[in-house]
Amino acid sequence: MKRPLGAAGWIKVILPWILLAGLLLLPATHPSDNLIRLLFITAVWTTTSLGWNLLGGMAGQVSFGFAVFFGLGAYTTALLMHAGHSPYFGFVGGAAIAMLASFLIGLPTFRLRGPYFVIATIGVTEAVRVIMNNLDVTGGASGYRITEDKPFSPLEHYYTAIAAVALAFVVSMVIAGSKFGLALRAIKQDEDAAADLGVNPFTSKLWIHAIAAGLTGIAGGIYARRAAFFYPGDVFAFQTGISILLMPVIGGIGTVWGAVLGGVVFGMVEEELVVHFPNLHLLIYGSLLIVIILLEPDGLLGLLRRLFRLFRRKREDSGSPDADQILWGRGGVEGRKF
Amino acid sequence: MAALKDVSFDIPENQICGFIGPNGAGKTTLFSLITGAVRPSAGQVHFRGKDVTGMSSAALVKRGVARTHQVVRPFKAMSVLENVQVAVHYGRHAVTRTAVAREHAMEALKLVGLDRKANVLASAISLGEQKRLEVARALATAPELLLLDEICGGLTGSETGAMMELLHRIREGGTTIMYVEHDMKAIMAVCDRITVLNFGQKLAEGKPEEVQNDASVIEAYLGKSTFRDKKRG
């Protein structure tokens, strides 16, 4: 079933490697600290974007509750570091705790469908935020401080974040091309029909939720270690959950590259614009969301694809879909689904 | 009110067993009870000697019981091939390798005559083709017992003929079939045995010709007076 790769096919294959090489070699050019910081935070957000996209984009389960995993990752890492462990052990611990939490949340909420599931995730994330705000161990409203013995190294943080986003990307690609990914797409379209073919929608959702939560937990830990000071009203905030959800929606829901694009745009906007024009970012997200919902349900990636097609004037009939279309989306045939 | 009451029957292996009855007789409910979509308030379903009452449809597929739906439910944003591929991956044999799964899926598509549409989106094929896709998907789970609900509705005459031929071939492959259909000609031609349901109860059972001549069946379909008139005349 393998087809020879065309020019576009080759770009798909080598683009991630070029990006990765560029990001890894960038520090050799002595970039400004600010650029490194910007790329760091973008990588952290893109990791969460890719994580959310696994559950929300591929499996179609829209969750507003990913701040729970981000916050748990942050606090688990902080507490483990406080107990004298390496930060990297902290990230793994953060992922583990986030995954555990995902099962606890998923077991009851995945019995619900559609809007009822969405509402349940909102309830859970608010409950967790309030609880965390009132626990002594989190520092409550006065926050938590991470202290490290060794000197602050922006590049170490940077490389850690790049590693996380690379991990999230590889995990997404592997799942998208696997039999599990196919089952998730089936669940997204018709859960009952998928069950009639032997797919267990409930356990499939539990597992993809756990994988997504693990990636988000790692991102939370990496974020917390660099921020060094944070509080529950920040990492567990409802707004954090919204941000994580917005990225893949803006970039192109259900596609790996869309999630990356959304994360990059979000990171840049968040970090650069907020500094110069506080609150302008909300206007930008709002406008982007309206444009996307009205005009291009496949997000910025869909928009790019449309432009690309305009320039290239379809040489061949690209009407036949195949597995790798999940990576690039499929031009809006799926209709306007969130 | 009970949709089905005191209905009891056995399905002999490697036969095509038809279920007929007027609208609302409980045919589709019966299928839903067997495949776990609806849990019965009383009674049991046994498959190969094991109690499978209330088992989820996914678990039943793994044990070799698959069904199709009267109203087709293709995954519209997937290709025809991918639709069937899901069934191969998660069916009774749980094939893991993509290339192998694609091969099996193509075989199922060839059986229903959809192999030429393999790479077309499932939303882009006709209703008749979607009906055949529904059968191909169920078939691709490698079932031992296949429940078919109205697979000929909306098909043309020649398409129905091809479908009947397919049912024979499926049975020859060792699969037992339970078959619900409104098209009397089709079901009488293809079935080894027929069970007649009426108002949620079993009315008659037997070979097609026996059922066709059963007085109570004629009554259920045509009404009592008609039957009497016939007798007098």
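This is a predicted model: local features need pLDDT of at least 70, side-chain atom pairs count only at pLDDT 80 or more; totals for chains, interfaces and linings use all residues.
Local features are reported at pLDDT of at least 70 and side-chain atom pairs at pLDDT 80 or more, while totals for chains, interfaces and linings use all residues. Residues are numbered from 1 along each chain as its sequence is written, and chains are lettered from A and ligands numbered from 1 in the order in which they are written.

A residue counts as buried if 20 or more other C-beta atoms lie within 10 Å of its own, as exposed if 12 or fewer do, and as partly exposed in between, with C-beta atoms placed from the backbone. The largest such core holds 158 residues, and the members that touch the most others are Val68(A), Ala183(A), Val199(A), Val84(B), Leu109(B), Ala136(B) and Tyr179(B). Helix H9 (residues 201–227) of chain A makes the biggest contribution, 12 residues; helices (H or I, at least four residues) and strands (E, at least two) are DSSP runs numbered from the N terminus. Because domain 1 (1–64 + 143–233) and domain 2 (74–142) of chain B both supply residues, the core lies between them; these bounds come from an automatic or database domain assignment.

Turning to the chain contacts, 21 residues of chain A meet 30 residues of chain B. On the chain A side, H7 and H8 are the elements that give two or more residues, and H7(A) provides the largest share, six residues.

Chain B also contains an open sheet of six strands in the order E4-E5-E6-E1-E7-E8, with mixed pairing; strands pair if DSSP finds at least two bridges between them. Strand E4 (65–67) and strand E8 (201–206) of chain B each have a single partner strand at the edges, so one side of each lacks a neighbour in the sheet. Strand E1 (residues 16–20) of chain B runs parallel to strand E6 (residues 176–180) of chain B over four bridges, with Phe19(B) partnered by Val180(B) and Ile16(B) by Ile177(B). Four bridges also join E1(B) to E7(B), again in parallel, and Ile20(B) stands opposite Val196(B) there. Five of the five residues of E1(B) are buried, so this strand is largely enclosed by the rest of the structure. Ile16(B), Gly18(B) and Ile20(B) point one way from E1(B), whereas Cys17(B) and Phe19(B) point the other way.

Conventions:
A nonpolar core is a set of buried Ala, Val, Leu, Ile, Met, Phe, Trp, Tyr and Cys residues joined through C-beta atoms within 7 Å. Two residues are in contact if their C-beta atoms, placed from the backbone, lie within 7 Å.
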